[in-house]
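Here is a short briefing on one protein model. Look through the structure first, then read the points below.

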Amino acid sequence: MADLFLIARIAGRTVAIDSNQVDSVVDIGEIIPVPRAGYEVRGLAALRSRVVTVIDTCAALGLPHSDGPTARAVITLVDGHHYAVLVDSLEDVAPFTTLPFAPGVALDGGWARVACGVVERDGDAVLAIDLRSLIPGQLAAE
């Protein structure tokens, strides 16, 4: 049985995010930096009368900080807290079946930490990611 996935681009790469991890998709306004926050925390933003922690996805993946516009984000709920995970763009929502990696597939850097399989989209393999793995402290807590 297929699950519903959000297709997005992060750090120039197309990824699939299980819709069970998606609370909403939003445009992010002003981001206020937080002193002494981890390098992956871009800051805080106001969103529909609540404050969310904004995650710099590139930094969370161990890539250089994103210099481009940071207007789009996927909101996810982890341990009762809302996080805005920045994305380059959003492309589609569609049903897919998660498949295991083919033998010998190696992912570099932070991608290996967040990957949870692949989905096939129009004949291409798209990396399925666990959004929670981008949230500071979540990998150590599991």
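Is Arg42 buried, partly exposed or exposed? Arg42 has 23% relative accessibility, so the residue counts as partly exposed. The cut-offs are these: buried means under 20% relative accessible area, exposed means over 50%, and partly exposed lies in between (1.4 Å probe, protein chains only).

This is a predicted model, in which local features need pLDDT of at least 70, side-chain atom pairs count only at pLDDT 80 or more, and totals for chains, interfaces and linings use all residues. Residues are numbered from 1 along each chain as its sequence is written, and side-chain values use heavy atoms, with hydrogens and water left out.

**Salt bridges**

- The whole structure holds five salt bridges. A salt bridge here is a side-chain nitrogen of Lys or Arg within 4 Å of a carboxyl oxygen of Asp or Glu.
- Arg42 takes part in one of them: its side chain meets that of Asp56, at 2.9 Å from N to O. Asp56 sits in the loop between β5 and α1 (57-60), and Arg42 sits in strand β4, so the pair ties together parts 14 residues apart in sequence.
- Asp56 is buried, because its relative accessible area is 2%.
- Another salt bridge joins Asp27 and Arg72, with the closest N and O atoms 3.3 Å apart. This pair links distant parts of the chain: Asp27 is in strand β3, Arg72 is in strand β6 (residues 72-78), and they are 45 residues apart.
- Asp27 counts as exposed, at 54% relative accessibility. Arg72 is partly exposed, at 31%.
- Arg132 and Asp130 also form a salt bridge, at 3.0 Å from N to O. Arg132 is partly exposed, with a relative accessible area of 34%. Asp130 is buried, with 13%.

**Strands and a hairpin**

- Helices (H or I, at least four residues) and strands (E, at least two) are DSSP runs, numbered from the N terminus.
- Strands β4 (residues 41-47) and β5 (residues 50-55) run antiparallel, and six bridges join them. Two strands pair if DSSP finds at least two bridges between them.
- Which residue in β5 is the bridge partner of Gly43? The partner is Val54.
- β4 and β5 form a hairpin with two residues between them. Arg48 lies in the turn and has a positive phi of about 45°.

**Positive phi in loops**

- Ala11 is not a glycine, yet its phi is positive, at about 50°. Ala11 lies in the loop between β1 (3-10) and β2 (13-18). Its relative accessibility is 35%, so Ala11 counts as partly exposed.
- Arg36 is another residue other than glycine with a positive phi, near 65°. Arg36 is in the loop between β3 (24-27) and β4. Why is Arg36 called exposed? Its relative accessible area is 88%.

**A charged patch**

- Asp92, Glu120, Asp122 and Asp124 gather in a patch of negative charge on the surface.
- Patches are made of residues with over 30% relative accessible area and no salt bridge; like charges are joined within 9 Å, and nonpolar side chains (Val, Leu, Ile, Met, Phe, Trp, Tyr) within 5 Å.
- Asp122, one of the patch residues, is in the loop between β9 (115-121) and β10 (124-129). Asp122 counts as exposed because its relative accessibility is 75%.

Definitions and conventions: Accessible areas come from the Shrake-Rupley method with a 1.4 Å probe; for residues, only the protein chains shown count as cover. Lys and Arg count as positive and Asp and Glu as negative; His and the chain ends are not counted. The place of a charge is taken as NZ of Lys, CZ of Arg, CG of Asp or CD of Glu.
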